[in-house]
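Here are some notes for a colleague who is opening this structure for the first time. Please read them with the sequence and the model side by side.

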Amino acid sequence: MTAISNVSGSIRRRLTLQLLGIAAVLAALLFIMVMTFAKQVAEESQDNILTASATSILDSAAIQGGGVTVDIPYSALSMLGNVSDDRVFYRVTANGKFLTGYKGLSVTKPGRKQERHSFMTSHYMGESIRMVSATRRLSYASGPVEVTVSVAQTLKRQTETLERISTSAFYLGFGFFIAAAILGVLSVQSAVKPIQILADSVSRRGPQDLRAVQAPVPGEMAPLVVALNRFMERLKKSLTRSEEFIAEAAHRVRTPLAVLRTQAEIALRRVERPENRASLKEMIRAIDESSRAAGQLLDHAMVSFRTDHLEVTKIDLLELGRETLERHQPLAEMQDKTLIIEGETPPPVSGDAILIQNALSNIIDNAIKYAPFGEDIKIRIGTEGHWVVVSVFDQGEGFNETDIKHLTTRFSRGGNAENTIGSGLGLTIAEEVVQAHGGYLKLSNRKNVTGACVSFYFPQS
Amino acid sequence: MRILLLPTILISFALWLMPAVAYEIEQHKLFPASAGGEGLRIISNSDSDIFSPLIEAFQRKYPTVSVDYTVVSSTELMRAVYEENAAFDIAISSAMDLQVKLANDGYTRPHNSEFSELLPDWARWRNHVFAFTQEPASVVYSKSAFEGLEIPTSRQSLISILRNNGSRFKNKVGTYDIRQSGLGFLFATQDARNSDTFWRLNEVMGSLNAKLYCCSADMISGITTGELAVAYNVLGSYAQARAAKDPNIGILALEDFTTLMLRSAIIPTTAENPDIAGAFIDHLITASWSEEGADYYPYPKLNRERASQRLSLRTIRLGPGLLVYLDNLKRSQFLQEWQNAIIQP
């Protein structure tokens with residue numbers, strides 16, 4: 001049976017998408033930052049070398065033979081060629097008058113007096129250039145002369161460098177995104193894991209298991225688990241209450257039934273008319289059936305209670321079987337039936353002796369009931385793999401193959417049991433007990449001869 | 001009348017459009033194509049006799065291309081391309097500084113050669129200037145004139161030998177007139193950059209009433225005729241070719257340094273057939289820089305290592321540094337100093 005609940009969205013998907021989005025934004029940011037920084041550095045390094053070049057030209061400026069002259073050092077321009085393939089332009093002016101170099105190069109007016117160098121990006125001869133201008137004052141007889149040297153370079157190398165860096169930065173950003181995405185998916189997985197663990201542990205529980213969830217859960221899930229535990233507590237209480245009510249009812253019914261039976265037997269001895277005796281006998285039979293049902297209801301209530309609080313000891317099942325058999329000896333003898341037990345001392349089983357005895361007792365009781373007069377009932381103790389198996393054989397009619405599957409449900413009785421007293425709780429009790437011990441109950445028909453076989457499989461301790 | 005008038009106007013208009021060639025042409029040679037097709041116009045300061053094997057090899061690969069080869073001096077080449085925007089598809093020059101200047105100032109087209117990985121980094125500048133030779137600046141001497149004298153092994157020893165034998169070398173020393181020759185100017189500026197002995201050598205040469213030449217070939221001829229005893233900064237590739245024929249010609253192996261010049265090719269922006277020009281540059285690169293080397297390659301074998309086994313070999317580097325001595329102020333200062341040293345009254 002699958003329960004469909006109202007599902008809307010998924011925490012995992014939402015978290016994953018959000019983390020991927022964040023990773024993408026951060027990767028883009030990283031790319032932009034690296035590019036901005038790279039551009040700054042590239043510009044700065046070009047500015048630096050241009051400044052060095054302009055300064056060395058400016059240093060060569062001197063007053064000679066009545067005019068300003070510059071003796072451009074070879075290194076001033078060759079240093080620019082050392083670092084890049086860019087075209088180089090320069091211009092020297094004295095008091096704004098062109099002295100040498102490239103006449104068309106437009107020179108910026110040096111800004112404030114304090115600034116020794118000014119930088120600008122502009123166009124010359126059809127290409128973008130970066131230009132540095134440096135100014136120096138020379139003293140001359142007719143007053144100071146302001147010499148300005150401008151050195152410019154095209155931006156080919158800078159562009160190439162930026163292109164190279166942008167490729168690297170792209171891969172860096174992409175790598176960052178992938179790494180962040182993987183980590184994000186992993187962390188989403190680990191965040192969702194406690195929910196899955198809780199769901200698994202709750203859905204893996206047996207139908208009787210209403211214990212509180214004990215496993216540690218994250219703080220965020222605590223309210224849910226507390227609510228779940230409370231709910232289960234209430235459910236358990238209400239179940240217990242109904243079991244108690246049934247037990248109490250059975251108990252209350254049993255005592256008056258015993259009195260009633262005694263009175264009916266006394267009456268039976270007294271009456272002599274055959275029709276009266278027949279009806280009294282019928283009455284006694286009905287009383288027996290009711291009291292047995294009440295007994296089994298009590299047993300079932302006891303089993304239900306004890307399966308929650310098993311009193312576990314090491315049990316020798318052969319010994320236990322023998323004891324149980326002895327209790328049924330008087331009843332068996334009355335019906336001229338022989339109870340046989342066979343087998344060797346099996347490995348010990350850990351379990352609640354009272355429960356197991358009760359379960360076995362119910363099955364033996366059934367066997368005595370269904371076996372024909374004068375036949376044997378056999379109990380065999382053996383081992384099968386790591387199971388210790390207790391099998392009860394009778395020589396009755398056996399089970400109807402169609403009934404076998406649901407015989408262990410409450411109050412269910414086989415189609416061939418109508419003539420026999422019974423409540424339909426015996427097999428239920430047996431199954432609940434054996435399941436509480438981690439084993440299972442197997443119903444089958446005997447081979448070769450008629451008769452049923454009920455086997456308890458207990459795990460070895 | 002009208003029918004006649006229109007062509008007349010057109011022709012005169014065309015004539016008016018055609019620029020008068022102001023640069024001085026030394027030699028002009030046509031390499032006709034075996035089949036009609038496009039033409040490749042080359043302006044060069046390389047002697048056509050030496051250069052022609054390269055053109056012929058190119059025409060074997062591209063038989064439909066006819067080549068028009070104009071020889072000018074490096075200075076005239078600069079004037080043709082820089083000032084007159086003459087329409088050439090390729091400019092070949094040994095004046096590296098002028099080639100770089102053309103490229104830097106936007107007079108060249110880029111060429112993305114599929115063979116560019118054959119070139120060492122220092123043998124090209126941007127994708128504009130492609131070097132295809134490596135030629136030393138040599139000192140050539142007449143063996144007979146040095147009879148009984150020690151053969152100099154450095155500029156120092158050359159200076160002292162010249163100084164100590166003033167009468168023997170008077171009027172018998174030659175070098176480039178760097179005012180005329182772009183290559184001479186390049187060699188001189190690189191020498192000045194490398195060592196101060198250059199100026200002392202010039203002083204000594206000036207005191208010996210040095211003769212000034214436009215070209216290497218003339219200097220070597222001077223040695224053969226006995227007109228010169230020593231020629232300073234002669235193009236080594238020419239000298240070697242001539243020394244092989246004339247046993248009297250010796251080449252000094254100087255220990256202090258030897259400048260190596262790279263002859264290079266560019267595609268001017270005025271090129272009418274840039275694709276064929278690109279193919280020609282690829283042809284030059286493969287002929288010069290491929291491992292095996294082409295058998296028709298007429299220049300000395302190239303050395304990939306810039307700083308070769310002999311540390312004294314210094315290859316001039318292509319790059320903006322070469323622009324420095326082309327600066328008007330710097331150039332006139334340098335020429336002034338040079339004149340003061342070499343021309344002594």
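In which sense do strand β12 of chain A and strand β14 of chain A pair, and over how many bridges?

1. The model is a predicted one, and in it strand β12 (residues 387–393) of chain A pairs with strand β14 (residues 452–459) of chain A in the antiparallel sense, over seven bridges. Within this pairing, A:Ser391 can be found opposite A:Ser455, which belongs to β14(A).

2. Strand β14 of chain A also pairs with strand β13 (residues 440–445) of chain A, again in the antiparallel sense, and here there are six bridges. A:Asn445 has A:Ala452 of β14(A) as its bridge partner. Between the strands of the hairpin formed by β13(A) and β14(A) there are six residues, and in this hairpin A:Asn448 adopts a positive phi near 70 degrees.

3. For chain A as a whole, the secondary structure amounts to eight helices and 14 strands. The chain has 461 residues, of which 26% count as buried. Among the contacts in chain A with a separation of 6 or more, 66% are made by residues 24 or more positions apart.

4. Where chains A and B touch, 17 residues of chain A and 15 residues of chain B take part in the contact. On the side of chain B that touches chain A, helix α12 (residues 328–342) of chain B supplies the largest share, with four residues. Sorted by class, that side of chain B consists of six polar, five nonpolar and four charged residues.

Note on methods. Residues are numbered from 1 along each chain as its sequence is written. Chains are lettered from A and ligands numbered from 1 in the order in which they are written. This is a predicted model: local features need pLDDT of at least 70, side-chain atom pairs count only at pLDDT 80 or more; totals for chains, interfaces and linings use all residues. Two strands pair if DSSP finds at least two bridges between them. Helices (H or I, at least four residues) and strands (E, at least two) are DSSP runs, numbered from the N terminus. A residue is buried if 20 or more other C-beta atoms lie within 10 Å of its own, exposed if 12 or fewer, and partly exposed in between; C-beta atoms are placed from the backbone. Two residues are in contact if their C-beta atoms, placed from the backbone, lie within 7 Å. Ala, Val, Leu, Ile, Met, Phe, Trp, Tyr, Cys and Pro count as nonpolar, Asp, Glu, Lys and Arg as charged, and the others, Gly among them, as polar.
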